[in-house]
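I opened this notebook to keep track of what I looked up, entry by entry. Please have the sequence and the 3D view at hand while reading.

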Amino acid sequence: MTEISKKLVSIVIPTFNENDNIALLVKRIAAALARVDFEIVIVDDNSTDGTSRTAEELSATYPVKVVVRQNERGLASAVVRGFKESRGDIIGVMDADLQHPPETLAAMIDSIEKGADVCIASRYVPGGGCEGWSLLRRIESKAATLFAHLFLSITRPVKDPMSGYFMVTRQSIAGIDLHPTGYKILLEILVKGKIHKTDEVPYMFQVRERGSSKLNARQQLEYLQHIYELMRYTGEFKRIAKYCIVGASGVIVDEGIFWLLTSFTGILNVLAAAISAECAIVTNYTFNNFFTFADRSTPGVRSFLKRLLKFNLVSLSGIGIKLAVFWVLTLVFGSYDLLFNLCGIAVATVWNYTVNTWWTWK
Ligand code: GDD
Ligand code: MN
């Protein structure tokens, strides 16, 4: 650390049955922050293993404050409670089980001092990673991250929005109503906080040596619910709904024109299909431009046409993806034409939507 913070740094730690970890954790934090003015706020959900008693004992030697919640459970809500009970201008959040090495805290304070509103200890920037994770767990984690990036566009610049180890200025969450569901408090802060600058510093997610993880299927479901709630908050849910309505209108246009062309002209079916598809692309584009992405479209014929070209390219790539999905599934599982066609449509729709929000209407 180049500069030492003169501000009070509060470290908020949610605990549930972490009696075997908490003492060593507090000692390591105190060593890591030897030159910093800090406090530790432990929010315990009435653990049955004596965590809060041990924490109280630690408060004789270290600047530890213990809050015990009797009737509530949940990591994210415990952290929000910790925010309320803490006094520092800078607030750190970390797990109690030593999977988040306290030695990273100094670099995080440094980054906040240099102007970041949030500094995330990240597994997915160079130098970071997960110790001893199986391939399956890695894929799960990446999939959950991709999910956040897809549906909460504000998280896209952040490599590890799923991290539970981060630091934030009090200013950027002051007056904000945080209502997190489940485990991922950082998502809530990234979406609702007054954040201008985020930063990530690498760390190695350690193996849990003592105690057990509390993450289970329920928390994973809550994660989906949380993403949905945040999508309602940002308006992204509404946008996707509009996009789907426009997509459905395109099916009608496509079918209608195809019918007209094949019934009343003598042109080849393939040609009729191509023409009707292009007509649907144009009407879809127009509706999306003035309805789905009305907030992002810019006036002028040039930009209208430029976007139309982009939208066309995206639609074309979508058709390619649909065919590829269909082909691969059929190759692997045999022929279930209708089902696999539907799978192709689903993947292509997600692809089209993502690229359109990312590129066509940036
Ligand atoms: N107060 C309280 N109440 N604390 C809880 C609760 C609860 O209901 N559930 C879990 N905790 C505490 C644990 O005691 C621990 O200190 C911390 O929250 C993390 O819980 P783990 O169960 O160890 O989580 P994990 O290792 O599976 O997941 C962690 O790693 C993720 C990265 O993959 C979490 O920190 C995530 O936030 C992080 O993103
Ligand atoms: Mn853990």
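The entries below go from the whole protein to the ligand and then to single residues.

**Ground rules.** I am working with a predicted model, in which local features need pLDDT of at least 70 and side-chain atom pairs count only at pLDDT 80 or more, while totals for chains, interfaces and linings use all residues. Residues are numbered from 1 along each chain as its sequence is written, chains are lettered from A and ligands numbered from 1 in the order in which they are written, and side-chain values use heavy atoms, with hydrogens and water left out.

**Whole protein.** I looked up the secondary structure and found 12 helices and 9 strands, where helices (H or I, at least four residues) and strands (E, at least two) are DSSP runs numbered from the N terminus. The C-alpha trace spans about 90 × 50 × 40 Å along its principal axes. Of the 362 residues, 45% count as buried; buried means under 20% relative accessible area, exposed over 50%, and partly exposed in between, with a 1.4 Å probe and protein chains only.

**Ligand 1.** I then asked which residues come nearest to ligand 1. Of the 27 residues around it, these are Glu18, Asp95, Met162, Lys184 and Lys214, a residue being near if one of its heavy atoms lies within 4 Å. I noted that the shell divides into 11 nonpolar, 7 polar and 9 charged residues; Ala, Val, Leu, Ile, Met, Phe, Trp, Tyr, Cys and Pro count as nonpolar, Asp, Glu, Lys and Arg as charged, and the others, Gly among them, as polar.

For polar contacts I used pairs of N or O atoms within 3.5 Å; within protein, one must be able to donate a hydrogen and the other to accept it, and residues adjacent in sequence count only if both atoms are side-chain atoms. A backbone N or O atom of Phe16 lies 3.0 Å from an oxygen atom of ligand 1. A polar side-chain atom of Asp95 is 2.3 Å from a ligand oxygen, and a polar backbone atom of Met162 is 2.3 Å from an oxygen atom of ligand 1. The elements that give two or more residues to the shell around ligand 1 are β1 and α3 (75-85).

**Thr51.** I looked next at Thr51, which lies in helix α2 and is buried, with a relative accessible area of 0%. Its side chain reaches the backbone nitrogen of Glu18 at 3.0 Å and the backbone nitrogen of Asn19 at 3.2 Å.

**Two asparagines.** Where does Asn17 lie? I found Asn17 in the loop between β1 (9-15) and α1 (22-32), with a positive phi of about 55 degrees although it is not a glycine. Asn17 counts as partly exposed because its relative accessibility is 22%. Asn46 has a positive phi of about 55 degrees too, although it is not a glycine, and its place is in the loop between β2 (38-44) and α2 (51-58). Asn46 counts as partly exposed because its relative accessibility is 34%.

**Val118.** My last entry concerns Val118, in strand β5 (residues 118-122), which counts as buried at 0% relative accessibility. Val118 and Tyr228 are 110 residues apart in sequence, and their C-alpha atoms are 23 Å apart in space.
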